[in-house]
Amino acid sequence: MENNNQEQPIDPSVEKLTKIKKEILSWIYIIVGVFAFKSTFFEPNHIPSGSLLPTNAIGDFILVNKMSYGLKVPYSDLIGDPWYLTTPTHPERGEIIVFRYPKDRNILFVKRVIGVPGDEVEVFNNKVYLNGKLVETKAVDKTKYIDLFDDKFDKKNIQFEEVSLGDRKFVTAVNNSMPYHLNMKKTTVPKDSFFVMGDNRDYSSDSRYWGFVPFGHVRGRAMFVWFNMVYPWSAEKFHFRPWRIGTTL
């Protein structure tokens, strides 16, 4: 008597299609997971210009902490301002932040926070006045930093100053021989916004030019340099600086 319960042989084409579907799904899960991690926790960024010299060299790859100011809902910043799962906190003066350019959210900028909401900021001849007081600076030896600048900068006349801003100290580059500096009249930083500048003061497009950074545009805080290379096909001169690896920001 025939056994009608005998298993039917699996069609090889169906089995192959099932395996392909599983493989595709596994890759989709990996990609979604990676981008969710990048959206919420940490992400890498590349420094293509010299606006943050000498703190960030051209070609620095930096790691950005996306949780510095609160835990975000994954992918929420793709459609506008991010949604926070925790009560967000604001960046502090002196921190380097990565943010969406206020004039075009598709472009990422990296600058240093100088003024926080409520601060009164004025910039004149590369000097910053914060809440009516001159931000303290002192001259430092240029030999430690000048090699980070290529020939497109006026290396002969660049000077370096150590800036004290709150609990943080950092070095800026200034060129006092230039006939014009990007100054800004006294203004108050609005609520939930920030005044940012590049450390390479005379070669930086920043809040002096295009205004304040809304908090909703802030992606995270720069932590450290994990690699440095200017691509050979880049408009910049090729560089590979392995000694930059591990530089904290």
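This note reviews salt bridges in the predicted model above.

1. Basis. In this predicted model, local features need pLDDT of at least 70 and side-chain atom pairs count only at pLDDT 80 or more, while totals for chains, interfaces and linings use all residues. Residues are numbered from 1 along each chain as its sequence is written, and side-chain values use heavy atoms, with hydrogens and water left out.

2. Overall count. The whole structure contains 15 salt bridges, each defined as a side-chain nitrogen of Lys or Arg within 4 Å of a carboxyl oxygen of Asp or Glu. Glu43, Lys66, Asp77 and Arg219 are joined in a network of such bridges.

3. Arginine 112 and aspartate 199. The closest N and O atoms of this salt bridge are 2.7 Å apart. The pair links distant parts of the chain, 87 residues apart: arginine 112 belongs to strand 4, and aspartate 199 to the loop between strand 12 (193–197) and helix 2 (207–210). Helices (H or I, at least four residues) and strands (E, at least two) are DSSP runs, numbered from the N terminus. Arginine 112 is buried at 3% relative accessible area, and aspartate 199 is buried at 0%. Buried means under 20% relative accessible area, exposed over 50%, and partly exposed in between (1.4 Å probe, protein chains only).

4. Aspartate 119 and arginine 93. These side chains meet in a salt bridge of 2.8 Å, N to O. Aspartate 119 lies in the loop between strand 4 and strand 5 (120–124) and arginine 93 in the loop between strand 2 and strand 3, so the pair ties together parts 26 residues apart in sequence. Aspartate 119 is buried, at 4%, whereas arginine 93 is partly exposed, at 31%.
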